[in-house]
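Subject: Structure for you to look at

Dear colleague,

Please find below the sequence and structure that I promised to hand over to you. Have a look at it first, and then read on for what was found in it.

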Amino acid sequence: GGEIRRRDVFPLLVLHLISREPAYGNRLIEEIETITEGVISVNPNTIYPLLRDLEARGLIEGKWEHPDRRTRRFYSITPAGRKEHKRLRGELEPFLDSVIRSVGLIKREIYGDG
C-alpha cells in the first residue's frame, strides 16, 4: 500500500545520498532541500531518529568527526545498506511515478490542459 511506500521514501533518499558520500544529519537536510528546490524541508526531529534507526538496522554506520568532542556524526553506507538501497530503489519507482501522475491529474483538473 501507499502508506508503506510513503514511509520508505525518506530512507531511500537518505541511503541514496549516503551511498554517494558519507554525510551528517544537517548536510542531509540541506541536500534534500536543494534536490527538492525547497519544496520538502526535513525537520531534525525526522532525520536524526531515521539515522539512528538505519544505524541500528546495520544499514549505515556512524562515526564522530572528533570522537573526543562529539561534533558531527558522519554516516556511511554498509553492504547491507547498499542491498536495501537497491531493493527500495526498485520497489519505490512505481510509487513515485504514481505520485507524479496524480499531481499532474490534480493540476489538470484545477487549471485545465493549458
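**What was found**

Arg89 is found in helix H4 (residues 79-111), where helices (H or I, at least four residues) and strands (E, at least two) are DSSP runs, numbered from the N terminus. Arg89 is exposed, with a relative accessible area of 56%; here exposed means over 50% relative accessible area, buried means under 20%, and partly exposed lies in between, with a 1.4 Å probe and protein chains only. Between the C-alpha atoms of Arg89 and Gly38, which are 51 residues apart along the chain, there is a separation of 23 Å.

Please keep in mind that this is a predicted model, in which local features need pLDDT of at least 70 and side-chain atom pairs count only at pLDDT 80 or more, while totals for chains, interfaces and linings use all residues. Residues are numbered from 1 along each chain as its sequence is written, and side-chain values use heavy atoms, with hydrogens and water left out.

**The chain as a whole**

The chain has four helices and two strands, and from the N terminus on its elements run α-α-α-β-β-α. Along the principal axes, its C-alpha trace spans about 60 × 25 × 20 Å. Of its 114 residues, 29% count as buried. If you look at the contacts (heavy atoms within 4.5 Å) with a separation of 6 or more, 48% of them are accounted for by residues 24 or more positions apart.

Which residues of H2 are buried? They are Gly25, Leu28, Ile29, Glu31 and Ile32, and they cover an arc of only 165 degrees around the axis, which puts them on the same side of H2; the arc is that of the directions from the helix axis to the C-beta atoms. As background, an α-helix has 3.6 residues a turn, so residues three or four places apart point the same way.

Thr36 is found in the loop between H2 and helix H3 (44-56), and at 17% relative accessibility Thr36 counts as buried. The side chain of Thr36 reaches the backbone nitrogen of Ile40 at 3.1 Å. Glu37 is found in the loop between H2 and H3 as well, but Glu37 is exposed, with a relative accessible area of 73%.

**The aromatic pair**

Rings of Phe, Tyr and Trp (its six-membered ring) pair if their centres lie within 6.5 Å, and planes under 30 degrees apart count as stacked, over 60 as edge-to-face and the rest as tilted. By this rule the count comes to one aromatic pair. Tyr24 and Phe74 form it in an edge-to-face arrangement, with 5.2 Å centre to centre and 70 degrees between the planes. Tyr24 lies in the loop between helix H1 (2-20) and helix H2 (25-35) and Phe74 in strand E2 (residues 73-77), so the pair ties together parts that are 50 residues apart in sequence.

Tyr24, at 18% relative accessibility, counts as buried, whereas Phe74 is partly exposed, with a relative accessible area of 27%. Arg72 lies over the face of Tyr24, at 4.5 Å from the ring centre; a charge sits over a ring if NZ of Lys or CZ of Arg is within 6 Å of the ring centre and within 35 degrees of the ring normal.

Note on methods: A polar contact is a pair of N or O atoms within 3.5 Å; within protein, one must be able to donate a hydrogen and the other to accept it, and residues adjacent in sequence count only if both atoms are side-chain atoms.
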